[in-house]
Amino acid sequence: MKAGSRARAGIRAVRSSPTGLVAVGIIAIMAILAVIGPVVWGTAASRIDVVSAFAGPSAHHPFGTDRLGENIFLRVLAASRTSLSLAALAAAIGLGIGIPLGAIPSVMGRRVQRSAAAVINGLIAFPGILLALFVNTVIGVGATGAVIGLGTALVPTFARLAQTMSAKVAGLDYVTAARLVGVGRARLVRRHILPNVAEPLLITGAMSLGWSLLGLSALSFLGLGVRPPGYDWGSLLADGLTYVYENPLAALGPGLFIVVASLGFNLLGESISAIASGAAGDRQKRAVTRGRRPVTVVAGPSDGRPALAEPGASPVLKVADLSVTFNTRGGSFTPVKNVSFDVREGEILGLVGESGSGKTMTALALCQLVPYPGVTRHGELAICGKDIRTVPRTEVQHYLGSGMAMVFQDPTNSLNPALRIGTQMAEVAQVHAGTSKAGGLARAAKRLSSVQIASPEFRLAQYPHQLSGGMRQRVAIAMSLMADAKVIIADEPTTALDVSVQHEILRLLRRVNEESGAAILFISHDLAVIASLCDRVLVMYAGQLVEELAASRLQTGPSHPYTRALLRCVPTMSTDRSHPLPAIGGNPPRGDGISTGCPFAPRCERADSRCRQENPVLTGQQGSDRVACWHPYTAADELVSSPG
Ligand code: SF4
């Protein structure tokens with residue numbers, strides 16, 4: 001939705017809610033008073049008439065007069081601009097410092113994140129008004145000190161909110177994808193994080209206006225804020241209190257304006273919040289209506305096509321001894337252990353295993369995007385023969401981004417909801433090739449055509465929520481082609497899609513592979529899908545590669561008992577649907593599980609005492625059939641089931 005139409009929808013929603021109407025009415029009146037108040041009533045409000053001093057309320061002086069005979073009502077009207085503009089300035093200071101303080105660390109290293117968190121925690125420990133008083137006193141009594149004091153007091157609120165929301169958004173797939181292509185930190189925050197945390201910040205911002213108006217009035221009331229000859233609602237209230245027994249309206253009048261204006265800002269914040277919740281509910285309902293179904297077995301047997309990548313083809317991605325370790329207070333956990341494999345030019349390599357076997361963590365480690373506190377270690381990690389260990393540290397992400405691209409499982413999280421499709425696709429070309437936005441958009445239109453999206457120019461102008469799930473995944477694939485990556489890592493790209501759309505996406509990936517020549521590392525827990533799409537397969541269990549084989553060998557019989565067990569779980573046309581589908585008995589090891597022996601031993605039908613004592617290593621030449629098992633099956637062993 002365009003920003004203009006979004007704003008119009010917001011205004012319509014505010015107008016349709018009684019609270020919103022009251023809030024808008026109050027704020028409109030206050031805004032008008034702030035604009036015209038000093039101009040229209042400024043002179044009359046300062047007119048001294050000692051004869052009328054301390055006069056009670058009348059038609060001419062609705063709130064009475066003060067000790068100099070000045071009309072209190074007119075002074076309240078004329079003070080609107082000072083009170084509201086200073087309150088807005090304080091809120092702007094809070095926003096201006098708090099948001100960067102909270103949001104920027106989300107894309108920085110852990111040390112910066114910790115330091116920022118310590119600063120925010122330290123500030124939050126002070127009660128807001130105490131912090132405002134302290135800063136006000138240090139800077140000096142007067143409007144400037146009061147505004148800076150109140151602004152400082154608002155910083156922790158905005159910083160904490162921005163920190164929490166940004167940390168959440170920074171972990172989403174589209175931010176990960178942007179980091180992979182080498183988008184800089186400032187741009188990440190500006191374009192990918194802040195637009196997606198703007199809603200709660202806007203709500204808090206509206207409410208903080210009310211708070212800072214009250215705070216400013218309180219400081220002026222205490223004589224720390226606006227000083228004579230200037231005046232605001234707070235100082236008028238303090239003045240009126242000195243003769244409140246003779247004329248209560250002298251104090252109640254300014255107090256009423258303070259309360260009503262604060263109420264207006266708070267009601268506005270609540271209305272925005274209610275509208276946002278309603279919109280989120282609608283989005284959720286639409287998502288439920290669309291219906292995400294669980295994965296269903298898609299494919300039949302491998303179609304016998306010739307393997308695109310010959311065994312001797314040079315690897316575009318080569319990784320040796322890749323490990324990921326998480327050191328936490330609860331102990332150390334290594335979800336990826338000494339993984340070594342090649343991805344050859346133009347091939348589709350499958351990586352299969354149960355959930356939690358370490359597939360996604362392997363993909364993130366390849367892209368150097370393992371989340372904290374994970375530590376990635378590897379030997380060689382080379383793209384097209386160039387080892388990233390030889391690339392300067394500051395250029396690693398840019399280098400990886402030009403060699404690899406990722407397509408994630410959930411297309412909803414893969415695209416930035418706040419940016420048009422064209423803007424986010426063009427960004428990849430802008431970052432990598434330094435093209436202009438127009439050049440990036442032209443390239444994006446071509447890429448959308450190549451993934452069979454009709455009317456690409458029209459789609460480029462749309463936002464992600466205007467596309468179906470399948471269309472979004474096509475866009476994500478098209479985006480992975482923007483930087484001419486040599487390897488596309490597709491992490492369960494069909495899992496969140498309907499069956500019919502899964503077929504389309506699998507066909508599309510094959511087509512992309514054939515037309516662009518990019519190799520694909522296809523990650524899935526579904527052996528049938530892997531068998532239908534891939535040329536070669538890696539099987540992963542408990543963070544280790546346990547078998548590497550040609551996809552065609554899945555039909556003639558893999559060697560590892562785990563691969564065979566996975567195959568038995570794949571339903572075929574002859575599977576009896578009146579019984580539960582077969583499953584592998586037992587559970588994968590939790591944490592680091594078994595420290596000695598084969599990790600599959602507790603679930604393996606062939607396990608013996610040696611298996612329980614010694615962990616077999618993957619034997620065979622990298623790139624050809626390999627297996628990690630003391631008692632592998634041979635081709636002569638009967639294969640109970642095959643995919644499809
Ligand atoms: S090493 Fe032993 S326990 Fe492990 S998969 Fe092979 S036969 Fe089974």
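This is a predicted model: local features need pLDDT of at least 70, side-chain atom pairs count only at pLDDT 80 or more; totals for chains, interfaces and linings use all residues.
Reader: Why does Gln462 count as partly exposed?

Author: Gln462 has 17 C-beta neighbours inside 10 Å, and since a residue is buried at 20 or more and exposed at 12 or fewer, Gln462 therefore falls in between and counts as partly exposed. This residue is found in the loop between helix 17 and helix 18.

Reader: What makes Arg420, Ile421 and Leu467 contacts of Gln462?

Author: Two residues are in contact if their C-beta atoms lie within 7 Å, and, with neighbours within four places in sequence left aside, Arg420, Ile421 and Leu467 are in contact with Gln462. As for C-alpha atoms, those of Gln462 and Thr423 are separated by 9.7 Å, although the two residues stand 39 residues apart along the chain.

Reader: Why is Asp321 called partly exposed?

Author: The count for Asp321 is 13 C-beta neighbours inside 10 Å, and because exposed residues have 12 or fewer while buried ones have 20 or more, Asp321 belongs to the partly exposed class. Asp321 lies in strand 1 (residues 315-328), and its phi is near 50°, a positive value in a residue other than glycine.

Reader: What span is expected for helix 16, and what span does it reach?

Author: Helix 16 (residues 437-450) has 14 residues, and the expected span is 1.5 Å times one less than that number, which gives the 20 Å expected; the helix reaches 20 Å from its first C-alpha to its last, close to that value. Its buried residues include Gly440, Leu441 and Arg443, and what covers the buried residues includes helix 15 (421-433), helix 17 (456-460) and helix 18.

Reader: What makes strand 7 and strand 12 the edge strands?

Author: Seven strands form an open sheet in the order 7-8-9-3-10-11-12, with mixed pairing, and strand 7 (404-407) and strand 12 (626-627) each pair on one side only. Strand 11 (residues 544-550) and strand 12 run antiparallel and are joined by two bridges, and pairing requires at least two bridges, so these two strands count as paired.

Notes:
Residues are numbered from 1 along each chain as its sequence is written. Helices (H or I, at least four residues) and strands (E, at least two) are DSSP runs, numbered from the N terminus.
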